[in-house]
Amino acid sequence: MQLAVNIAVLAAIYALIACGYVLIYRTSRVLSLAHGELMMLGAYGLAATASLFGGHPLIAIAASAVLALTVGVLVYVMLMRRMTGESVLAAVLTTIALGILLRGLMILMFGTQTQYPLQQLGWTNASLPVGAGARISAAGLVLVAGTATVYLGLFAFLRLTRWGIRMRAAGQNPLLAAQRGIRLHGVYALAWGLATFTGGMAGMLIACDAGIEATLVTIGLKAFPAALVGGLDSLLGALAGSVIIAAAEVLLINYVDPLLSDVVPFFVLLAMLILRPWGLCGTREELDRV
Amino acid sequence: MRKALAALLVATAWPVAAQDAYVVGVSAAMTGPGAGIYAPVVDAMKAYLDHVNAKGGVNGKQVRLIVLDDGAEPSRAAANAKKLLSDKVLMLINTSLSSTYAPMVTESKRSGVPLYFGGSVCPKDTYPPADPLQFCSSAFGANLDSQGALAFVKAQAKDPVRIGFAAMAIPIARAEIDYAEGLSRTMGMTPVEKQISPPPAPDYTPFATKLKDANPNWVFSWSPWVSQVRTFEAMRRLGWNGRYLTWAHLNAEDELERIKDPEFHVIGTNAFFQDNLPIHAEIRAITHRANLKYPVTYLTEGFIAGMVIEGALKNTPWPPTPQKVLAAMNNLKVDMKGLRGGPLEWTKDNHFRTRQYYRVWRWDTSRNAVSRVQDWQAIDVKR
């Protein structure tokens with residue numbers, strides 16, 4: 001039972017991060033390699049709002065969520081918008097540059113010390129029993145529930161709302177979508193905003209569970225294989241890829257060798273690239289674009 | 001012959017008259033994954049030397065510290081070392097991850113300029129018989145730390161010890177925890193599980209689950225703080241109630257207060273600020289003047305490095321050359337003023353220290369304060 005809980009928490013972490021990669025790629029065909037940094041910025045945002053609104057944790061959380069969304073929109077408006085019409089490679093390189101810039105800025109602004117936003121919010125990360133002797137941390141439980149809510153919300157948004165349908169249309173054929181009157185820049189800005197919001201949420205929840213450290217950026221990259229295994233343009237695929245990779249990691253740690261947990265995501269990714277290069281649920285014709 | 005040639009090269013290349021200060025060069029992880037551990041050391045070292053300069057310098061000359069960021073990347077460390085040597089530094093200092101050691105050692109050997117590890121893990125080359133050019137004052141001591149830690153476990157344990165081990169998957173930590181595992185057997189303990197987690201792990205619970213399932217009554221961890229403490233916290237959340245012993249990094253005093261677990265022990269070689277020694281008051285005052293952004297408890301290691309540099313330069317007659325600095329470092333005794341259990345001594349053969357002293361602390365719930373469980377315990381550092 002504990003193994004199942006461990007898989008669920010790790011899969012939730014990967015899925016929450018991976019959906020940011022998918023949202024941006026699916027809408028604009030840009031692979032954001034600054035996602036780890038934006039995730040970390042979300043975590044620092046929570047630490048900042050927690051100290052700003054001391055004693056009002058819900059306001060601090062809401063403010064940091066709005067901040068993450070706004071940062072994502074601003075990244076598009078001020079930077080990525082200028083990459084529209086340029087080659088995909090140029091846009092990807094721009095995200096790398098953005099990541100380096102953000103990393104430097106975060107050190108300047110927040111220093112190098114570990115921060116614990118959960119303590120700043122005045123909460124503790126309790127251990128909760130979940131049956132059959134298994135336990136989960138409160139932050140872990142919120143992570144699993146939050147990831148489920150985000151995915152359900154995104155599925156509903158993309159299928160049932162006007163902006164969601166526009167986003168899917170822009171992702172499928174931007175030229176046709178523009179000719180039908182869809183404002184592509186608005187759609188792309190929303191995609192960046194949502195991706196940064198979900199990435200920021202992952203950063204905040206990981207920070208609540210384990211604190212904010214410089215290594216958080218690398219965790220952002222660890223979710224990348226999950227997105228690729230699932231198919232870079234599929235949210236459902238990101239979810240499935242996250243579960244597969246999390247299960248492989250946890251089971252190897254428990255039954256074989258903990259050291260393998262670091263390489264198994266890339267082993268699964270290689271296997272997938274050989275057998276089904278477009279991923280579990282990805283679109284086959286997207287392959288050359290990837 | 002090669003050494004003599006290198007010495008000749010350095011002697012002719014160092015234009016002594018052009019220098020008006022003792023110039024030392026640092027390559028440090030001021031950014032990147034290790035910055036949280038290394039940046040405070042460098043800033044404290046700089047603050048201490050600024051304080052020395054404000055008091056008139058060393059032998060009437062100023063000490064100039066050139067700090068270059070290597071981001072914990074070997075390639076940048078190599079470039080930094082070359083740049084620092086072109087700036088004619090008298091001593092190279094490494095305050096970074098162990099992956100940056102090799103390129104700096106190469107440059108040090110090529111130029112004949114001594115390499116001092118201040119705040120980074122001491123390489124075994126500094127132990128007797130020491131490499132002629134490598135020196136170290138950092139608290140960590142491979143193998144010795146495990147000896148000190150397991151001796152403490154043995155002294156504390158009333159029941160047979162079933163010990164688990166946890167480390168991060170970096171070469172230096174893995175080697176140490178492998179050594180500790182072997183040592184535990186020779187000391188009559190039963191090693192039950194060893195978990196090596198990658199840097200970084202998004203969630204330490206899977207590693208902690210395996211450790212907890214082995215049912216150890218003690219766990220020893222020697223790694224970067226993130227790995228040590230996350231494994232412990234995850235084990236506690238899984239319901240494990242054994243005793244945990246881990247290395248006291250810069251943030252240990254503050255972290256003991258945050259964690260507040262009476263069975264979470266830290267072992268280290270630097271005195272805590274709760275001792276309130278006169279040197280602590282001095283560190284507080286210098287930190288305040290330098291407007292450093294770190295908690296004062298993080299700064300001991302950097303001040304020790306500053307004191308060692310001052311001591312080495314004090315014994316270096318003007319005009320200085322790397323050879324004169326090397327000679328001074330080969331016969332150095334620095335009074336630690338209570339920051340450690342005894343003075344730091346380097347000899348021609350021993351560039352680590354002749355004696356390593358360990359203390360152990362934990363959180364005392366009855367006093368609601370950090371409490372010392374074991375006072376200075378000395379281990380002689382021999383061949």
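Is Ala44(B) buried or exposed? Ala44(B) turns out to be buried, since 28 other C-beta atoms sit within 10 Å. The cut-offs run as follows: a residue is buried if 20 or more other C-beta atoms lie within 10 Å of its own, exposed if 12 or fewer, and partly exposed in between, with C-beta atoms placed from the backbone. The model is a predicted one, where local features need pLDDT of at least 70, side-chain atom pairs count only at pLDDT 80 or more, and totals for chains, interfaces and linings use all residues. Residues are numbered from 1 along each chain as its sequence is written, while chains are lettered from A and ligands numbered from 1 in the order in which they are written.

Ala44(B) belongs to helix 2 of chain B; helices (H or I, at least four residues) and strands (E, at least two) are DSSP runs, numbered from the N terminus. Setting aside neighbours within four places in sequence, Ala44(B) is in contact with Leu292(B), Leu299(B), Gly302(B), Phe303(B) and Gly306(B), contact being C-beta atoms, placed from the backbone, within 7 Å of each other. Val296(B) is 252 residues away from Ala44(B) in sequence, yet the C-alpha to C-alpha distance is 9.2 Å.

At the domain level, chain B is assigned domain 1 (2-139 + 275-355) and domain 2 (144-273 + 358-380), with bounds that come from an automatic or database domain assignment. Between them, 20 residues of domain 1 of chain B are in contact with 17 residues of domain 2 of chain B. On the domain 1 side of chain B that touches domain 2 of chain B, helix 2 (35-54) and helix 11 (300-314) of chain B supply at least two residues each. That side of domain 1 of chain B splits into 9 nonpolar, 7 polar and 4 charged residues; here Ala, Val, Leu, Ile, Met, Phe, Trp, Tyr, Cys and Pro count as nonpolar, Asp, Glu, Lys and Arg as charged, and the others, Gly among them, as polar. The C-alpha centres of the two domains of chain B are 29 Å apart.

Now for the sheet. In chain B, 5 strands make an open, parallel sheet in the order 2-1-3-4-5, where two strands pair if DSSP finds at least two bridges between them. Strand 2 (62-69) and strand 5 (134-136) of chain B are at the edges with a single partner strand each, so one side of each has no neighbour in the sheet. On average, neighbouring strands of this sheet are turned by 25° against each other, direction ignored. Axes are lines fitted to C-alpha atoms, for helices over the stretch in contact, and angles run from 0 to 180 degrees between N-to-C directions. Strand 3 (residues 91-95) and strand 4 (residues 115-117) of chain B run parallel and are joined by 3 bridges; Ile93(B) has Tyr116(B) in strand 4 of chain B as its bridge partner. Helix 2 of chain B packs on this sheet, touching strand 1 (21-28), strand 2 and strand 3 of chain B, and makes about 160° with the direction of strand 2 of chain B.

Helix 4 (residues 101-111) of chain B has buried residues too, including Tyr101(B), Met104(B) and Glu107(B). Elsewhere, strand 13 (residues 355-364) and strand 14 (residues 369-380) of chain B pair in the antiparallel sense over 9 bridges, with Arg355(B) opposite Asp380(B) in strand 14 of chain B. These two strands of chain B form a hairpin with 4 residues between them, and Asn368(B) in the turn has a positive phi of about 55°.

Between the chains, the contact takes 28 residues from chain B and 31 residues from chain A. Helix 2, strand 7 (190-197), helix 7 (205-213) and helix 8 (225-237) of chain B each give two or more residues to the chain B side that touches chain A. Helix 7 of chain B has the largest share of that side, 5 residues. By class, the side of chain B that touches chain A has 14 nonpolar, 8 polar and 6 charged residues.

As for chain A, there are 13 helices and 2 strands, and 51% of its 290 residues count as buried. Ala210(A), in helix 9 (residues 184-210) of chain A, is buried, with 27 other C-beta atoms within 10 Å.

Technical notes:
Contact = placed C-beta atoms within 7 Å.
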